[in-house]
Amino acid sequence: MAVSRRLQKELRDLQVTGCPTGITLLQADDFQSWILSLEVLGDTLYAGEKFALRFGFDNSYPITPPAVTFVVDDQYQSPVHPHVYSNGHICASILGNEWSPVLTVSAVCITLQSMLASCKSKERPPDNDRYVRHAPADPRKTRWDFHDDDV
Amino acid sequence: MSSDNEYSDQDYYDDEDEDVLLDDAEDESASEMDVDAFDTDYRLSAKGNRKIYEVEYESLSQGDIEKLMKDDVDNVSGIFGVDEDTASLLLRHFEWNKEKLIEKFMDNAAAVNAAAGLSVPEKPHPDRSQSSGVRRSTRQNSADKVKTSSKTKSIIERISPPVEERFVCPICFDDSQTEYLSLSCDHKFCTDCWNAYIASKIKTEAEQWITCMGEDCKIVAPNAFIRKSLKNDSKSWQRFQELLVRHFVSCNQSLKYCPYPSCTYTVSCPSASSKSSLTQIVPIVVCGQSPTHKFCFGCNIDDDHRPVVCGVARLWMQKCQDDSETANWIKSNTKECSKCQSTIEKNGGCNHMTCKKCKYEFCWVCMGPWSEHGTAWYSCNRYDEKASIDARDAQSKSRASLERYLHYYNRWANHEQSAKLSVELYAKTEKKMEEMQMSSDLTWIEVQFMKKAADEVFKCRMTLKWTYAMAYYLDSGNQKELYEDNQRDLERAVEELSELIEQPLDPEVVPSLRQKVTDKTVYVQKRNEIVLEDTAKGFLEGRWSWNVPVEGFD
C-alpha cells in the first residue's frame, strides 16, 4: 500500500535522522493520525509556548495534502496567529492548493514553525468567530482565500 | 529587428485570411468564433424567418469546439514552428488570445515559454534556482534528490532507462518501481504516482493546467504526457478533454457552455457577446443536445425571461428573493415610526410606543404623538386629531411603495403558479381530447387543437410573468401605458382561452368549441407576438426608460 510505505519511510527518517529542531514526535501509532509537538525557537512572540499538530492521513496521501490542525485540548491550545483559528484550523496555502506530493510531515512542521516565527502581532483572524461556528470538521473542506503570504 | 517583426506580422495576417476563407467554405461555426466577426456580415446568412425577439446562435458539440481549438493550435504551431502540445499550452496560458500570444512571443519568447510552464526560467545561478528563501531551503531534502540540471527547454518528457543507479520515487518510496517519468524540469517520479496525481487533479480539482509534482515547480504537463500517465484510465482522459473544451469556451465571450448537468454542448452567440448588447436583446438559446436545454446566454437566470432584458430581470429576481414573503409579513404585522420610518413590530404592552431608534414617543392606535394623549394611557380616542392624521398620511405613503411592489409581485407569482400547474392542465386536456373523440366524430388529429391551446396558454403565461417584472421598473409615461395596453390585451386573451379549455365538456357543443378554441388560440398567439415584438423593438430603439438605475442603461 502506497500510503503506508511512504509514511513508514517518513517515520523512519524522523526517528533515525531525528526531528527538526523544536519538533518532537508525540504519537505515530498508526498511519491514520500522527501528533507532533512544535516549539518556536529563538526570539519570537511564541517563546516558551508549546503547541501540538495533528496530521490526518487518508488513502490519497501524499497526492492530496494531509488534514493538519493544531490540537486544542486540556494540555494544548491553538497559537494566537492571524492565520490560525481558535479551533486549531490553519489557513496556509501549502495545505491547500499549493500542496505538492514531495512535501512531507517534517516539511509541513517547518513551514508552520516559520509561519509562527515571522508573526509580528498575536491576533486571531478577523473572521475567527464566524468561521469557528460553522467550520467543517475537516479543514480541507474549507475553501480558503489565501490573503497574504508575508506572515 | 523591426523588419523581421513586420515580416512575421504579415505572415500572420496572411494566415488569418486563409483561415477565414477556409472557415467560410467548410464550417460556419468557426468563423463565428472570430472575436472581430461580431459586426461583419459574411458570418451567417439570415435564417429567413428569425423573429425580432430571437437571436442568431449556433449550437456546437464538443467535437466542433475541439475542431476550433485544433485550428488555433495548428495555426500557432505553424507560425512558431512548435509541436501541437506546446502550441496548446501557449494558447491556454494566453486564454486562447492568439493576437496577444503572438505579440508577446515575438517580444520575448523565453519569458513566454517560462510563464506558460514550458521551460524553467533562466536564472543567473541555476544551481540555486530552487532554494530561495528561508522557508523553502528548510524543506529541500526531498526535492533535492530529484533535481538535476534544470536548464532544458524541450517539452518532451523523458523516460529514464530502467534502474541504472538505484532511484527511489520521492513520493511513494516504493523501491520496486522501475518506471519513471519527468517533465522538461527533470523532476523524476514513478509512473504510478504520476497517474494518481494527474487523475486526482482532473477528477477532484477539475484542473486542466497540471503542474509538475516537484515543489514550486511551474512546469506544466503537456497533453501527450497526461495521456501517457493516465494509462488506461480513459474516463479521466475524456474528462480532461472536456476540461480543455470548457476552458476554451470560458475564454471566448461569444461562447457559453450549456448549464444543464452533464451536457457537453456549447452555444455560440456572437451578437450577445458584449455587455452592451444585453441592453438591446434577450439572448435565449437552446443547445443541440435537447430542446429542453433552453437558457439565457446573457445571465444565469434559469428561465426564458423574454421579453425583459437580463439587467432588469436580475433586479427583479433580486428584489423577489429579498422581499416577497418578508414584505407580506411586514405589511400585515408592523407599522412605521412616524418620525424616522423605522419598521416596528408591536409584540405586547400598551399603546405608548417609544421608537428604539429615534426615541420618538407615539400612540400605536392613532400614530399621533404621545405627548398629546395626556393621561388617556390605555385607550386612544384621538383618531381625528390633526397630528394623528398627518402621522398616518406619512405612514400610508411608505406603505404605498410596498403595495405597488406587491401588485406586480402577485401577478408575477400568479402566472408562475399557473405555469407550474400546467402539468395538471396537460393531463386534464388529454383526458378531454379522448372524451371528445368518443362523444363526437372527431379524429385524434382533429382534437389536437386542445393541446395546441394548452401549449399556447403555457407559453403566454411565461411571457406575461416577465412582463410584470418589466412593468415594475418601467418609468411611467406614454410608453408604459402602451406597454400595459399590450400586456392587458394578452392577459385578457390568455384568461379567456384558458377558461375555454378548462370548462367542462358538453358533447353538444364540441364543434363550436373547436371553432372558438382554434380562433382564440390564433388570437392569443398574435397578441403574444405583439408583446414580444414590440418590447424587443423598444429595446433596440432604446425606447424604454426605467424608474431605477439599471446596469448598462445610462
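Helix α2 (residues 105-117) of chain A lies across β1, β2, β3 (50-56) and β4 of chain A. The helix runs at about 35° to β2(A). Axes here are lines fitted to C-alpha atoms, for helices over the stretch in contact, and angles run from 0 to 180 degrees between N-to-C directions. Helices (H or I, at least four residues) and strands (E, at least two) are DSSP runs, numbered from the N terminus.

This is a predicted model: local features need pLDDT of at least 70, side-chain atom pairs count only at pLDDT 80 or more, and totals for chains, interfaces and linings use all residues. Residues are numbered from 1 along each chain as its sequence is written, and chains are lettered from A and ligands numbered from 1 in the order in which they are written.

Under the helix topic comes the sheet. In chain A, 4 strands form an open, antiparallel sheet in the order β1-β2-β3-β4. Two strands pair if DSSP finds at least two bridges between them. β1 (23-27) and β4 (67-70) of chain A each have a single partner strand, so one side of each lacks a neighbour in the sheet. β1(A) is joined to β2 (residues 33-39) of chain A by 4 bridges. Ile23(A) has Leu38(A) as its bridge partner in β2(A).

Now the contact with chain B. Chain A gives 17 residues and chain B gives 18; two residues are in contact if their C-beta atoms, placed from the backbone, lie within 7 Å. On the chain A side, α1 (2-16) and α2 are the elements giving two or more residues.

Chain B has an open sheet of 3 strands, ordered β1-β6-β5 with antiparallel pairing.
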